[in-house]
Every structure is written in structure tokens, then in C-alpha cells.
Amino acid sequence: MRTSQKMTEKAEKLIIRLQEVTRIYKVGVEHIHALDGINLELGENEYVAVMGASGSGKSTLMNVLGCLDRATSGCYELDGQDTTKMSDATLARIRNERIGFVFQSFELLGQLSALKNVEMPLIYSQNGWWSRHMRAKNVLERVGLGDRIKHKPNQLSGGEKQRVAIARALVCNPSILLADEPTGNLDSKTSEGILDLFDQLYREGQTIIIVTHEEHVALHARRTIHMRDGRIYSDLPRDQDPAYNTTMQEDAREEPE
Amino acid sequence: MRAIIRMLAAFLRLFYQSVYLALGQIWTNKTRSILTTIGIVIGVASVTAVIAALTGLKAKVLNQVESFGTNTIFIFPTQPDKGPMRHASWWTIRFLPEHFDDILEHCPSVERFSRIAGVGRYTAHYREKSAENVEVMGIEPAYHEIQNRPVSLGRKISVIDNMQVRPVCLIDPKLRDELRLDRDCIGQTIRIGHHTFRIVGVIERQPELQLGESGQERYEVFIPFRTTFKMGKPWIMAFAASKGTEVTEEAQAEISFFLRRTRNIKPGEPDTFRVESVKRFMDTFNSIALMVTLVAGGVVGISLLVGGVGIMNIMLVSVSERTREIGLRKAVGAKKSAILTQFLIEAVVLCFIGGLVGVGIGQCLTMIISGINPVLDMVYIPAWAILLSFSFAGSVGIFFGMFPAIKAARLDPIEALRHE
């Protein structure tokens with residue numbers, strides 16, 4: 001097992017700190033350790049990919065990070081606040097204000113327009129009608145859908161749907177953007193468009209965590225965490241990741257031709 | 001204070017949002033929503049129609065009673081429930097004219113008094129014209145005031161008419177027209193049965209309360225009380241008026257006491273007559289109306305219950321269909337209370353729409369009822385019935401919407417988002 005290495009040069013302010021976090025499911029008499037002692041620190045404006053085979057605990061980690069699930073033991077601090085002792089209602093507010101979710105299957109509401117879909121999280125926070133409208137419109141313009149705000153999901157392409165979903169995740173100005181296989185339902189060309197959008201958001205200062213099992217998706221991140229059996233197996237910045245270096249070498253070799 | 005206002009504002013926003021979402025959802029599933037609310041629609045429509053019909057009938061009856069005068073007391077013979085007179089023939093227990101002699105002196109709470117003698121139905125003749133179904137009644141002068149039946153032409157039956165047993169009569173305008181008498185028919189003579197009567201006045205017809213039964217035309221002829229004995233053996237009753245509504249019961253007791261003495265009923269033996277007031281009659285009517293209302297209420301309650309179960313069923317379907325949506329809403333920060341409110345309000349809005357349509361249909365039914373039966377022309381839906389219907393529909397929505405809403409609020413967001 002490789003030693004984990006922290007990205008300290010960029011992390012002036014910690015957004016996420018996990019200390020010995022476990023998540024244990026009881027299935028009958030069996031105890032399944034979905035997370036088995038996770039230690040993780042994440043600073044502002046990081047771009048992290050979480051990789052691992054299915055069953056490695058990456059989805060559980062995602063749920064815990066997104067405050068949808070609670071750690072069985074250990075401590076999870078988000079923006080310096082310990083979330084393990086918070087009530088359900090407080091967690092709902094945290095999800096609303098601090099976390100933006102992007103799902104593999106978009107999860108847009110079919111009967112609502114793109115704009116209304118993006119406005120949806122703002123319904124649950126203290127926002128007036130006009131500020132809701134303007135914020136949703138601005139964020140849709142930011143993801144490049146300024147001309148599509150009145151369209152219903154079934155009038156949009158897959159890539160556009162995911163852009164609406166990303167806009168919805170961003171509309172509350174979250175501390176972290178959590179994307180679970182965001183390109184899983186898209187063809188490779190559309191995927192690149194979405195990943196370019198993530199790159200652009202990262203450059204604009206957004207903290208992003210992508211859960212994926214695809215190598216080429218993970219290569220867009222600046223830091224890659226590999227998980228296995230509920231533990232962090234490796235945690236490396238991109239330039240130390242063997243997969244990245246291999247690709248870079250291949251590119252370098254191809255270039256002179 | 002500001003915190004309270006903020007909370008209130010947040011709640012109002014949530015409420016408005018929920019109503020908006022609910023209307024959108026109902027609009028998306030139009031057919032399903034219509035089918036679901038039919039139970040509520042029928043329940044509310046029938047409750048408003050029944051209440052409207054009863055209210056109309058009541059107004060009509062009250063109107064009628066007011067034309068009688070609320071002080072009116074009816075006195076008539078009847079077999080007692082127990083004792084040896086239980087199976088007595090009508091003839092043995094009949095009133096005799098002398099039973100009532102000097103009644104006014106002995107009953108201080110009684111203002112007016114009139115004996116009535118019914119001699120049955122006859123055929124009236126004038127020249128070659130005739131009219132069947134003529135009800136002949138013998139009256140005393142006070143009858144006009146007690147029953148509020150003034151004469152529109154000529155004069156009333158007087159004390160002298162009675163004392164001298166004059167062959168005079170009052171007729172109603174319909175009979176005058178039927179027999180082709182002159183418009184001013186005073187002084188003309190008509191033949192009733194084998195007797196000849198001189199017309200002295202035209203009496204106003206009573207506003208009639210004929211429920212559905214139109215049948216044959218009925219005419220009325222009034223003759224002096226004592227004159228009836230020349231025509232046969234009359235059936236005697238009496239009308240009285242008390243000195244005021246508050247002494248009506250007093251007057252009834254006095255009359256009862258007086259008649260027991262004149263009819264030689266021994267102490268302990270039951271009355272062989274009844275002394276009833278309009279008030280009592282109204283009480284009876286009211287209790288019948290209440291019973292009808294209760295029965296109708298029960299039927300409506302069952303209908304609303306069935307409607308409510310329908311609502312619950314459709315809301316459960318809606319919750320399981322929209323599990324992913326609920327998961328998503330929770331993921332983006334909807335609290336349990338927000339999800340609960342959303343589904344609860346959807347159920348209530350569904351019920352309110354049902355109530356609205358129901359009141360509309362109830363109004364149509366009411367108009368149809370009053371169109372079919374002219375007696376119920378005073379039928380209308382009172383405001384309280386509409387309020388009642390709506391609050392019923394709303395409670396059904398809350399009651400039957402609660403379980404699906406709780407189910408939705410309790411969903412685990414991770415599970416919900418994984419739901420197929």
C-alpha cells in the first residue's frame with residue numbers, strides 16, 4: 001500500500017476533513033464495512049477524482065461527503081463544522097447551501113423547464129421569486145445554455161441535460177460539487193464537452209469531486225484517490241499518477257510524428 | 001419578532017410552492033385526478049343538494065305556519081295509548097258542541113276560539129254547472145282570525161249567522177269561477193247536496209302546500225257552525241289562539257283541563273283528545289328534518305370516506321412513482337417537512353377541486369329540483385353548507401393524504417435515488 005500524500009501547497013483553507021470515518025451496514029447478522037477508516041483532507045479549489053471498482057466504497061464515500069449518509073464512527077468536518085452530530089434538518093440545509101450533486105442519470109424533473117429545474121434547490125432556501133429566476137438564468141448561461149432555458153428535458157440532448165443538472169448543482173454556490181459518474185450515460189464526444197465544463201469550473205475556483213471508474217475521466221482531475229475495500233489505496237496528485245504519466249508519455253511519443 | 005415573521009414568510013413560500021407544484025402535478029395527470037376526485041364530487045354534490053332541499057322545504061313550511069299564526073292550537077279527538085278507551089270507536093270519542101261551552105271564560109290564556117265542523121265532501125250546483133270535491137266546513141267567527149283567512153268580498157260568518165242557523169256560506173274564488181257565478185256573487189244562491197245556501201262572502205284561498213300531488217281541484221265552502229247539523233252528523237274539532245307565543249303551553253294546559261271536565265274523564269284516566277300547538281308541529285317537523293339530515297349525512301360521510309380512500313390510493317401511487325423525484329428533492333436540500341407539506345397539499349388541493357366541482361353540481365341539482373317541483377321554489381344552498389362541504393373535503397384530504405405524505409417524507413434519499 002502506498003503512502004498517501006497530501007496536497008498542501010494549494011490547500012490554504014480546508015473544506016473537508018475526514019478522520020477515521022467508517023460506515024458499517026448490517027445485513028442480517030453480517031457487518032459490511034463499506035468505509036473502513038477513511039482519512040482525507042480537501043482544500044479549497046481542488047479537483048479530485050475518486051476511483052475504484054464497484055463495491056470499493058466510493059459511492060458510500062460520496063454519500064457521506066454529500067451529507068446524504070452519516071458515518072457510523074469517526075469525524076467529518078465540512079467547512080470547519082462537525083456534521084456527525086447534526087440533525088436531519090440541519091443536514092438538509094447543509095446539502096442545500098454547501099453541496100451540489102450531479103448524477104449519472106441527470107435526475108431532471110420532466111414536467112419542468114430547464115429554468116424551473118435549476119430553480120428547484122432555491123425553493124428550499126430563503127429566496128424570492130425574482131432572485132431565484134435571475135440566479136438560475138445566470139448559472140444556465142455559465143454552463144452555456146442561455147438560449148435553452150424554456151426547454152423541457154425531453155427537448156434537450158444528453159449533454160444539455162447534464163449541463164442543466166450541473167447548473168442546478170451550482171445554483172446555490174456550493175462549497176463542493178459532487179459528481180457521481182457524470183459522463184456514464186453520455187457518448188465520448190459529449191463526455192469531453194462535460195469534462196471541459198468541469199475544467200472551466202475548476203479554473204473559476206470551484207472545488208470538484210468526481211466519482212468515476214473511467215481512467216480518462218479521472219485524468220482531468222488534479223488529484224486521484226483510488227479506493228479498495230473501503231479504504232484509500234492511493235492518493236496522488238496527477239503528475240505522480242502512473243496512469244497520467246503513461247498517457248503523457250504516449251502523447252509525447254506521438255507528437256513528433 | 002423578526003424571526004417569527006421570517007418563519008411565517010418561509011412557511012407561506014413553502015405553502016405557495018406546494019400549491020403550485022400540486023396544481024402542476026394534477027394538471028399533468030388529468031384523467032387520473034378526475035377519476036380520483038369523483039367520490040369527493042359526489043359526496044359534496046349530494047350533501048349540498050340535500051341541505052338545499054331541506055332548507056327550502058323548511059322555509060316553505062315556516063312560511064305556511066306563519067300564515068296560520070304561531071299561536072294556533074289544534075284540538076281534536078283521538079284514542080289514548082292505554083286504558084279502556086284504547087279501542088273506542090271514533091264515534092264514541094267524538095266532540096259534542098256543548099263540550100266547548102264557555103271555554104273562553106275558563107281558559108284565561110286563550111284569546112280566540114272556534115269550533116269547526118267537518119261534514120265531508122259534496123257536489124255544488126249553480127244552475128246547470130256543478131263542481132265536485134267541495135269541502136264543507138262549519139265555522140265560528142273567530143276562525144277567520146285564528147287561521148288568518150280574511151274575506152276579500154262581502155262579509156265574514158257572524159255570531160248572528162250561528163245563532164239563527166242561517167243557510168249562508170262563504171265560497172272560495174276558484175269555486176266561484178268553476179260554477180260561473182258573477183264576479184260579485186254576493187246574494188246568489190248555490191245548492192250543496194240537498195241544501196241551498198246564500199253566498200255572503202268570498203274567502204281567500206290558503207297558500208297550499210301540496211307536495212307533488214296535484215290531483216283533482218279541491219274547493220272550500222264555509223257555513224255557520226250550527227248550520228252543519230242540518231246537513232248530517234258533523235265531525236267536530238276546534239281551533240284556538242293563545243294570547244301570545246309564550247303562553248301557548250299554558251293555554252294548551254287550560255284547554256286540556258277544561259275538556260277533561262266537560263268530557264267527564266276521571267282522574268288517572270288518559271285523555272281522549274289531543275291539544276296540539278303549531279309550535280309542537282314545528283318541533284316534530286324539525287326533528288324529522290334533522291333525522292333526514294343525519295341519514296343523508298351518514299350516506300354522504302360514507303361517500304366521502306370512499307372518496308378519501310381513493311385519494312389515499314392515488315397519493316400512494318404518486319409517491320411510489322415519484323420516489324426518485326423525492327430523493328432528488330431531499331438531496332438538494334428539501335427537509336422532511338417540505339416533502340410532507342408538498343404531498344399533503346397535493347391531496348388537499350385535489351379534494352378542494354373535488355369540493356368545488358361538487359358544489360357546482362349541487363347547485364345544478366338544486367336548480368333541477370326547484371324546476372321539477374314548484375313547491376320547492378325557495379330551495380337554495382346556504383353559505384354554511386358550502387363552508388361545511390369545503391371543510392369536509394379539506395379534512396378528508398388531510399386525513400387520507402397524511403399517510404402517503406409521511407411515507408414520502410420518511411424516504412431515505414439514497415434509496416430513493418436508486419429506485420427504478
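## Strands of chain A

Let's start with a sheet: in chain A, strand β1 (residues 14-27) and strand β4 (residues 73-78) run antiparallel and are joined by five bridges. Strands here are DSSP runs of E of at least two residues, helices are runs of H or I of at least four, both numbered from the N terminus, and two strands pair if DSSP finds at least two bridges between them. A:Ile16 has A:Leu78 of β4(A) as its bridge partner.

A:Leu78 also has a bridge partner in β5(A), namely A:Gln81. β4(A) pairs with β5 (residues 81-82) of chain A in the antiparallel sense over two bridges. Two residues lie between the strands of this hairpin, where A:Asp79 takes a positive phi near 50°.

## About the model

This is a predicted model, in which local features need pLDDT of at least 70 and side-chain atom pairs count only at pLDDT 80 or more, while totals for chains, interfaces and linings use all residues. Residues are numbered from 1 along each chain as its sequence is written, with chains lettered from A and ligands numbered from 1 in the order in which they are written.

## Where the chains meet

The contact (C-beta atoms, placed from the backbone, within 7 Å) takes 19 residues from chain A and 16 residues from chain B. On the chain A side, α2 (88-98) and α3 (114-123) each supply at least two residues, and α2(A) gives the largest share, six residues.

## Chain B overall

Chain B has 12 helices and 10 strands. Its C-alpha atoms fill a box of roughly 105 × 55 × 45 Å along the principal axes.

Terms used. Contact = placed C-beta atoms within 7 Å.
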